[in-house]
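Grab a pencil and open the viewer. Below are some exercises, each with a worked solution to follow step by step.

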Amino acid sequence: TQARITLDRDFTIGPVPRRLFGSFVEHMGRCVYTGIYEPGHPQADAQGYRRDVLELVKEMGPTVVRYPGGNFVSGYRWEDGVGPREDRPVRIDGAWHSIETNAFGLHEFVDWAKLADVEVMEAVNLGTRGVEEARSLVEYANHPSGTYWSDLRRKNGAEDPFDIKLWCLGNELDGPWQIGHKTADEYGRLAQETAKAMRLVDPSIELVAVGSSNRQMPTFGSWEHSVLTHTYSEVEYISMHAYYQEHAGDAASFLAEAVDMDEFIDGVISTIDAVKAAGKHKNQVDISFDEWNVWYQRGLETEDQPHKVAAGWKPYPRLIEDAYNVTDAVVVGTFLNSLLRHGDRVTIANQAQLVNVIAPIRSEEGGPAWRQSSFWPFARMAALASGQILRLAVDSGKVPTAKFGDVDAVDAAATWDAERGTIAVFLANRSLEESAEVELDLRGLAADRITRAEVLTIPAGGDRLTANTEDNQDAVGLTRLESVGIEDGKVRATLPKLSWAVVEIA
Ligand code: AHR
C-alpha cells in the first residue's frame, strides 16, 4: 500500500484543545478501589493513593478526568462521600450491583487530581436527584466560605474552594438502563433548570448536556435536537459516547471504525448547527466526547456482572477488565486521530476509563500495575500533539471492509507547533496484510530533522491478538520506527502491516 499525505502551514483546523486528552474515573469495578486508591498496598502513600498507578497516569498524561460516573452517578448522593470516613454510609450501587463503602469521595478525588496534575470534570446526578442537590454541590465545591455548604467543605478539611470549572449535567439519561432514565423533553427541561441554578452559584462554570449514549440509540438525533432546543443558551457542550469492538473476527471492519466515529461526530455537529440556526443563537456549543474506547465487556459474563443479583453484593467486583491487544491499540490510535481531526468542534474527550475498567492501565490488588497496549497511542498523542491541528490531504491506498466498503489503509492526523518548531504526525496502517509506504509532503513547513519515530505493531513471536498481561507486561509497546527518512521537505516512512506510529519532525 502507498499513501501520500500533504501538510501545509496554511491549512489548519484550529488549536489543539488540551482537554481532548481526557480520561474517566468511575466508581465502577476496580477503577477507584484497588485502582487509583488502595490503602495498605505496599505502594500506597499516606492517603492511600497507589504511587505506582499514579506514576503511570502521569506518564500517560491525561489533562482532565471525569468523575464519579458514568451510570454510577445516576444513583449517587455526593454527600455520602464527604466528611469523616467513619460517618460515611455504606450503600448499594444499583448501577453496578456493588457495595459502595464511600471510603473514597469528592475530597479524595480532588486531592488525587492535584497529585496527578489533571483537571476535575465533575458529574452531577440527574437520575434520582435534581436542581437542589446539583446547586448544593457547586456551592460546596466552589464557594469560598461563609455559607452552609462552603463552610461544611472547610470543616471537612478543604479551606480553599476546589474551583471545579467543568460539570456534566448527568449521564446517559437517554438509556433505558440508566437509573432515572428520561425522555428528551424531561431531561432537556431538567438540564436547563439545573444549569441555570448551578450557574447562579458560580457563573464561571462550564456545563455539558447529555447527548446520546451511542449512535445506535433509537433516539439518536432527535435526542440531541430536543435537548439542545431546551438547553442551547445554558450549556457549553453536548456529550457523545461510543464504544467499539471486533465482531466475529471481522478485524478489517473493526480497524475502520474511526469512519463510524467521524460520521457520528459530523452528525452531532449538524444537529448543533441546526439548533443554533433555528434559535438564532450566537454562542457555539462544542462536543464533549466524554466516553470513548474499545470494549469487549469481558468480565460481565462472570458472576460479577451487575444483573446477576444472586451472586451477592460485594465492593469493587471485577467488571469489564478487558485486555487490549495490538489490533485494539491501532484502533485506539485511529480514534484519537478522529478526535484530533475534529478538534475545532470536539474540544473535550475522555477515554473510558483510566484504571482496570476498560482501561489503558491495569493494577492488581496488593500486586503490580502495568500499561496496556492502548496506553501508548494516548500517551504519545497527549505529549506531542500541540500548536495547530493541520488539515491534511490524504491520498491512500484502500483496504476492503465488510462494514464500510473500501477505506483508507493509512489513517492520519497531524499538528504543527510554530513555537516549538515541531510537526507531529500520527499514523495508522490498517492493513492486516501489507506494509504501507507513506510519503509526507511538508510543503512550506520548515523541517529537516526527524526527532522521534516510534511504532507499535505485532511483536516478534506474537500475533495481532498479543496483549500485555501481569506476567508479560511489556509484550506490546513502542519500538523505534527504523524505516524513516527526510529529504527535500519530504518524509518517507514504511509502516509495518497493522501498526500505529508517531513521527515528529523539527
Ligand atoms: O464506562 C462504562 C459505562 O459505560 C459508563 O458507566 C456508562 O456511562 C457507559 O454506558
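**Exercise 1.** Which residue in β19 is the bridge partner of Ile-389?

*Solution.* Before starting, note that this is a predicted model, where local features need pLDDT of at least 70, side-chain atom pairs count only at pLDDT 80 or more, and totals for chains, interfaces and linings use all residues. Residues are numbered from 1 along each chain as its sequence is written.

Step 1: Helices (H or I, at least four residues) and strands (E, at least two) are DSSP runs, numbered from the N terminus. Two strands pair if DSSP finds at least two bridges between them.

Step 2: find the strands. β15 covers residues 388–390 and pairs with β19 in the antiparallel sense, over two bridges.

Step 3: read off the partner. Ile-389 is bridged to Thr-415 in β19.

Step 4: carry on to the next strand. Thr-415 also has a bridge partner in β20, namely Ala-424. β19 and β20 run antiparallel and are joined by eight bridges. Their hairpin has four residues between the strands, and Gly-421 there takes a positive phi near 75°.

**Exercise 2.** How many of the eight residues of strand β19 are buried? Then look at Phe-426 and decide: buried or exposed?

*Solution.* A residue is buried if 20 or more other C-beta atoms lie within 10 Å of its own, exposed if 12 or fewer, and partly exposed in between, with C-beta atoms placed from the backbone.

Step 1: apply them to β19 (residues 410–417). Seven of its eight residues are buried, so the strand is largely enclosed by the rest of the structure.

Step 2: move to Phe-426, which sits in β20 (residues 422–429). Phe-426 is buried because 24 other C-beta atoms lie within 10 Å.

Step 3: list its neighbours. Two residues are in contact if their C-beta atoms, placed from the backbone, lie within 7 Å. Leaving out residues up to four places away in sequence, Phe-426 touches several residues, including Gly-333, Leu-336, Met-381, Ala-413 and Val-502. Pro-377 is 49 residues away from Phe-426 along the chain, yet their C-alpha atoms are separated by 8.6 Å.

**Exercise 3.** Which helix gives the most residues to the side of domain 1 that touches domain 2?

*Solution.* Domain 1 is 23–384 and domain 2 is 389–505, with bounds from an automatic or database domain assignment. Their C-alpha centres lie 30 Å apart.

Step 1: count the contact. Domain 1 puts in 34 residues and domain 2 puts in 36 residues.

Step 2: pick the top contributor. On the side of domain 1 that touches domain 2, α9 gives the most, with 10 residues.

Step 3: sort that side by class. It has 19 nonpolar, 10 polar and five charged residues. Here Ala, Val, Leu, Ile, Met, Phe, Trp, Tyr, Cys and Pro count as nonpolar, Asp, Glu, Lys and Arg as charged, and the others, Gly among them, as polar.

**Exercise 4.** Where is Gly-70 found, and what kind of peptide bond joins Gly-69 and Gly-70?

*Solution.* Step 1: locate Gly-70 in the loop between β4 and β5.

Step 1: check the bond. Gly-69 and Gly-70 are joined by a cis peptide bond, with omega about 15°. Tyr-67 and Pro-68 are also joined by a cis peptide bond, with omega about 0°.

Step 2: look around the ligand. Gly-69 and Gly-70 are among the residues surrounding the ligand, as are Asn-71, Glu-172 and Glu-291. Near means that a residue's C-beta atom, placed from the backbone, lies within 6 Å. The shell has two nonpolar, six polar and three charged residues.
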